[in-house]
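Q: I am new to this structure and would like to go through it in short steps. Could we look at it together?
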Amino acid sequence: MATVRITVEWLDGTYHGLEWPPSPFRLYQAMIAGYAVHRRGDPELEAAMRHLETLPPPVVFAPVAEERWPVRSSVPNNDGDIAFGLFAKGRDDEARKHMRKARSLRERRAREFRGVVTYEWEAEPETAAHLPALRTIAGSVSAVGHGMDTAVARAALFERPAPAKGVRFTPSEDGVLRLDVPYPGAFDALEERFRRFRSRVGALGVSGVPEVPRQSAEYASNLKPPPVRREAFRLLDMRDNPFAFEGTRAMEVAAMTRHAVGIAAHRAGLDPVTVSELMGHRGGRRIRAQPLPDIGHLHADGRIRRVLLTAPKSVREEDWLDVVTRMVGAELVPPGGAGPAGILVPAEEGDSIVARYCCRSAAWTTATPVVLPGRDCRRGRPRPARSACRLLRHAGIPEGLAEEVTMEPAGLLTGSAAPKLYRRPRHLSDWPCTHVSVRWRSPFAGPLVLGAGAGYGLGLFLPMDDCRSTAGASMAADVTGSRESGNGP
């Protein structure tokens, strides 16, 4: 499908708006301003802007931005209209007194970055006819954000555009970032506000100017995993005593928990299609079972005593609650077993082990080894840098978001076992399996799971703030290398 791409480059590499990345509506306002200054009333340009506002919210690509220290300055505040009103009523002394006091401290926050921000709209059949006008309007842009945020913009239409650089922000129901977007009627709303702003001062004083209505969309970043619903459970035996599995049996625990999820979904009376989706057989609305081994502290033994259920926001809340409430007391039945091996009960509020897997950190290492999604060898010798790139691509994470990816022959955390000891599904038995450490350019929120074994209890990470490397050589792979800094989050 054809794509309309508008790229924006800030001349001094700074942006003073509150949000990051700059919202699509910011760009739309800047384009309206350029249209108004240079070609107001041109029917072709107006038609192009009205067409742009009808397209679905765009995908945004933005580089890493670092916040500068805020700067405060004394500036006239927005009470100047009061002074105009006093002048209009002939109360000049009061008006001048008010103007002397009408100052306030303004705090400006700037973000510094390198590279361009790219906005991509899915084009419709009639979009190509508006391309010359969109190019003209984009060329009229002088600032995006505050008046000091001088910028230039360019518009183009591509049938199959090359991937843009930077972090990808995609409109998604699972997103947590809300950005203002153009909407049908935005052109008229902005024009009306401009008209009322110009006529706000009259013989009877100053009239107010209403704000333009806003519409926003939820965006998901490929740097941050989408928000998930989660519920943690403890394992008990059939006599209600604490129970644990060997950590190397993570795949079996995950399979037994998925089976229990399916039984709970059927008992809830959900339709077969929904049950199939929740089990991960179709679509992306899957409830994932993730065993949590007891790893990474002084007395860790690596055994599994807890299971975490997670689901994306695309899973309806009522379906999630129907399943989770029926998971209390659910039996874990081994394949071909004579009877249940244990039951699930809710974990205590603030469980320390669960909290560690769900916290934020810039440095993570595997609690269970990662199954690499493919082989990267040359003449029989592994190529860790290529393997690291493949691992990140498999998870949909740009390579530039990771500062360093390291393949480890043994786990760094107390209680973790050698990769060869973990059971894997038959179709992944020949794929490379290794412990991995990742250092991100900015903190990443857990739970973090990577690799082809993500649905089988493998590839689970823990923050490595306190862990130290064990004996043995490691293979470091700096995946950023000579790549441009614009590939960051």
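Q: Which hand does the crossing of α1 and α6 have?
A: In this predicted model, α1 and α6 cross in a right-handed manner.

Q: At what angle do α1 and α6 pack, and how far apart are their axes?
A: The angle is about 60°, and the axes of α1 and α6 lie 11 Å apart. Angles from 65 to 115 degrees would count as roughly perpendicular and those under 35 as roughly parallel, so α1 is oblique to α6.

Q: Which residues meet there?
A: From α1, the residues are Phe-25, Tyr-28, Gln-29, Ile-32 and Tyr-35. Their partners in α6 are Ala-186, Phe-187, Leu-190 and Glu-191.

Q: And how do the residues of that contact divide by class?
A: The contact of α1 with α6 has 7 nonpolar residues, 1 polar and 1 charged.

Q: Changing topic: what volume does the largest pocket have?
A: Its volume is about 1,300 Å³.

Q: How many residues line the largest pocket, and which lie nearest its centre?
A: The lining holds 41 residues. Nearest the centre are Gln-29, Gly-145, Arg-193, Glu-211 and Arg-214. Gln-29 is also one of the α1 residues that meet α6.

Q: Which element gives the most to that lining?
A: That is α1, with 8 residues. Elements that each supply at least two residues include β6 (103-108), β11 (177-180) and α6 (186-198).

Q: What is the make-up of the pocket lining by class?
A: The lining of the largest pocket comprises 16 nonpolar, 12 polar and 13 charged residues.

Terms used. Residues numbered from 1 in each chain as written. Predicted model: local features only at pLDDT ≥ 70, side-chain atom pairs only at ≥ 80, totals over all residues. Heavy atoms only, no water. 1 Å grid on protein atoms, 1.4 Å probe; cavity = no way out; pocket = protein on both sides within 12 Å on 5 of 7 lines; lining within 4 Å. Points joined across faces, edges and corners; volume = space filled by probe spheres on them. Helix = DSSP H or I, 4+ residues; strand = E, 2+ residues; numbered from the N terminus. Nonpolar A, V, L, I, M, F, W, Y, C, P; charged D, E, K, R; others polar. Axes fitted to C-alpha atoms, helices over the stretch in contact; angles between N-to-C directions. Parallel < 35°, antiparallel > 145°, perpendicular 65-115°, else oblique. Left-handed = near helix turned anticlockwise from the far one by under 90°. Contact = heavy atoms within 4.5 Å.
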